Amino acid sequence: STLFEINDLIQSLRSYNLLAYISQSSRWLFWVHAILMWYGFSLWVDYYQKGSYFSLNLGYPILRDPQAPARHFQTDVDWELRFMRFMDRIKETATIAESYRCIAGLCAFLFIFSLLKAFRFQPRLGLLTRTLEIVAPELFNYCILFLTIFGGFAVAA
């Protein structure tokens with residue numbers, strides 16, 4: 001599908017008809033979906049690489065003498081630095097994992113829209129697509145109203 005879309009883009013550039021290509025919402029849907037998929041893949045690779053570099057020690061003896069009266073000031077700087085770096089790596093990896101989950105969810109959502117677009121070829125499956133196209137403005141208004149009321153209840157709770 002990506003090769004077909006690139007071919008369509010090249011054909012529209014050759015025929016000086018780029019405006020017609022850009023004005024179709026399905027083209028925008030495809031390119032946003034493709035960019036998000038590649039970005040999600042790069043996040044997954046980064047997450048996998050960062051996760052494979054973890055080395056967890058059985059203990060981090062940060063305090064030199066836990067029985068000392070002023071033990072907060074008697075720390076082993078090397079072990080404390082190792083622990084802080086470990087925590088930074090965990091936070092960074094968790095942030096990447098959260099971003100990956102958000103992008104993967106968006107990709108799944110856009111994939112459903114791509115399937116609805118593909119259903120147009122068959123009359124019975126296209127019924128769903130045509131129905132959603134007709135009720136889209138009312139559905140959009142309902143979603144705004146629902147999210148407003150739901151958000152109000154969420155804030156009140």
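This is a predicted model: local features need pLDDT of at least 70, side-chain atom pairs count only at pLDDT 80 or more; totals for chains, interfaces and linings use all residues.
## Contacts around Thr93

Contact means that heavy atoms lie within 4.5 Å. Thr93 touches Tyr47, Lys50 and Phe54, leaving out residues up to four places away in sequence.

Thr93 sits in helix α4. Is Thr93 buried or exposed? Its relative accessibility is 7%, and the cut-off for buried is under 20%, so Thr93 counts as buried. One of its contacts, Lys50, comes back below as a salt-bridge partner of Glu92.

## Salt bridges: the count

How many salt bridges does the structure hold? It holds 3. Take the one between Arg27 and Asp8 to begin with. The side chains of these two residues meet with N and O 3.0 Å apart. Arg27 belongs to helix α3, which covers residues 25-52, and Asp8 belongs to helix α1, which covers residues 2-14. The pair therefore ties together parts that are 19 residues apart in sequence.

Arg27 has 17% relative accessibility and counts as buried. Asp8 has a relative accessible area of 32% and is partly exposed.

## A network of three residues

Which residues are linked in a network of salt bridges? They are Asp46, Lys50 and Glu92. Lys50 has a salt bridge with Asp46 and another with Glu92. In the Asp46 pair, the closest N and O atoms are 3.5 Å apart. In the Glu92 pair, the closest N and O atoms are also 3.5 Å apart. Lys50 lies in helix α3 and Glu92 in helix α4, which spans residues 77-118, so this pair ties together parts that are 42 residues apart in sequence.

Glu92 is partly exposed, with a relative accessible area of 38%.

## The annotated span

Thr129 is found in helix α5. What does Thr129 contact, leaving aside its neighbours within four places in sequence? Its contacts are Leu116, Phe119 and Arg120. Thr129 is buried, with a relative accessible area of 6%.

Val135 also lies in helix α5, which runs over residues 123-156. Val135 has 32% relative accessibility and counts as partly exposed. Val135 and Phe4 are 131 residues apart along the chain. A distance of 30 Å separates their C-alpha atoms.

Conventions
Residues are numbered from 1 along each chain as its sequence is written. Side-chain values use heavy atoms; hydrogens and water are left out. A salt bridge is a side-chain nitrogen of Lys or Arg within 4 Å of a carboxyl oxygen of Asp or Glu. Helices (H or I, at least four residues) and strands (E, at least two) are DSSP runs, numbered from the N terminus. Buried means under 20% relative accessible area, exposed over 50%, partly exposed in between (1.4 Å probe, protein chains only).
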